[in-house]
Amino acid sequence: MRLKMELMAALLAAFVIIQPAGGVTQDSSAAGDESLPALKLRIERAYWSEDIVSLRQSAEVLEATGIETTDWHGGYYLDFIYRKLAEIVINRDKDRAKEYLEASVRSLERSLAIEPNAETYALLANSHGNRMGVTSLFGRLGVAGEAGQALERAVEMDSLNPRVLLVDG
């Protein structure tokens, strides 16, 4: 079971790293001297090295651009960062992991408010699923319902999307 979960996590990471259709190509002076493509590269390096400090800094820089309020890709990449942070800390600090997963959900919800799409709904369903591991027994039912609604919406939008298929299992 653990191997299956690790394989699914690796597949999800591979899907997430591949820039989504229409990817972020604009530069942003709000990110300082760092363009969004350069920031994406920084995020990927921090992700694979599991560098918590670099991941947090990348989230701060990305949030400073404000792109998550105007382009769905901003929330998409913030989700990517927050998921990894949660994965890194979950065994030693469940409260911190829960905070990161809640930030992941918020970033995806912002993305969906800008441009609803199947990929983001699938990732939202998965983030809610991950939240169940750090949620009280009584809270899990509500989180499961949120996950189910997001996955249902993803399947309605594009049942053949690879991320939807991965999350739908």
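Glu 50 is found in the loop between H2 and H3, where helices (H or I, at least four residues) and strands (E, at least two) are DSSP runs numbered from the N terminus. Although Glu 50 is not a glycine, it has a positive phi of about 55°. At 41% relative accessibility Glu 50 counts as partly exposed, a class that lies between buried (under 20% relative accessible area) and exposed (over 50%), with a 1.4 Å probe and protein chains only.

The model is predicted, so local features need pLDDT of at least 70 and side-chain atom pairs count only at pLDDT 80 or more, whereas totals for chains, interfaces and linings use all residues. Residues are numbered from 1 along each chain as its sequence is written, and side-chain values use heavy atoms, with hydrogens and water left out.

**Overall architecture**

The chain has eight helices and zero strands, and from the N terminus on its elements run α-α-α-α-α-α-α-α. Of the 169 residues of the chain, 47% count as buried. Among the contacts with a separation of 6 or more, 61% are between residues 24 or more positions apart, a contact being heavy atoms within 4.5 Å. The chain exposes about 8900 Å², of which carbon and sulfur atoms supply 54%; accessible areas come from the Shrake-Rupley method with a 1.4 Å probe, and for residues only the protein chains shown count as cover.

**The nonpolar core**

The largest nonpolar core holds 40 residues, and Ile 43, Leu 62, Tyr 82 and Leu 85 touch the most other members. Such a core is a set of buried Ala, Val, Leu, Ile, Met, Phe, Trp, Tyr and Cys residues joined through side-chain atoms within 4.5 Å. Two or more residues of this core come from each of helix H2 (36–49), helix H3 (52–65), helix H4 (72–89), helix H5 (94–114), helix H6 (118–132) and helix H7 (137–157), and the largest share, 11 residues, comes from H4. Not counting residues up to four places away in sequence, Leu 85 touches Ile 52, Leu 55, Arg 56 and Tyr 100.

**Aromatic pairs**

A pair of aromatic rings is described by the distance of the centres and the angle of the planes. Rings of Phe, Tyr and Trp (its six-membered ring) pair if their centres lie within 6.5 Å, and planes under 30 degrees apart count as stacked, over 60 as edge-to-face and the rest as tilted. By this rule the count comes to five aromatic pairs. One of them is formed by Trp 72 and Tyr 76, which are edge-to-face at 5.5 Å centre to centre, with 90° between the planes. Because Trp 72 and Tyr 76 are four residues apart in helix H4, they are separated by about one helical turn. Trp 72 is buried, with a relative accessible area of 6%, and Tyr 76 also counts as buried, at 1% relative accessibility.

Tyr 82 and Tyr 100 form a stacked pair, 6.4 Å centre to centre with 20° between the planes. This pair links distant parts of the chain, since Tyr 82 is in helix H4 and Tyr 100 in helix H5, 18 residues apart. Tyr 82 and Tyr 100 are both buried.

Elsewhere, ring pairs link Tyr 47, Trp 48 and Phe 80 into a cluster. Lys 84 lies over the face of Tyr 47, at 4.3 Å from the ring centre; a charge sits over a ring if NZ of Lys or CZ of Arg is within 6 Å of the ring centre and within 35 degrees of the ring normal.

**Polar contacts**

A polar contact is a pair of N or O atoms within 3.5 Å; within protein, one must be able to donate a hydrogen and the other to accept it, and residues adjacent in sequence count only if both atoms are side-chain atoms.

| Side chain of | Partner | Distance |
|---|---|---|
| Glu 119 | Side chain of Arg 163 | 2.9 Å |

Glu 119 is found in helix H6 and is buried, with a relative accessible area of 14%. The C-alpha atoms of Glu 119 and Tyr 76 are separated by 9.4 Å, although the two are 43 residues apart along the chain.

Asp 93 has its place in the loop between H4 and H5 and counts as partly exposed, at 30% relative accessibility. The C-alpha atoms of Asp 93 and Val 134, 41 residues apart along the chain, are separated by 9.9 Å.

Thr 135 is found in the loop between H6 and H7 and is buried, with a relative accessible area of 9%. Leaving aside its neighbours within four places in sequence, Thr 135 is in contact with Arg 140 and Val 143.
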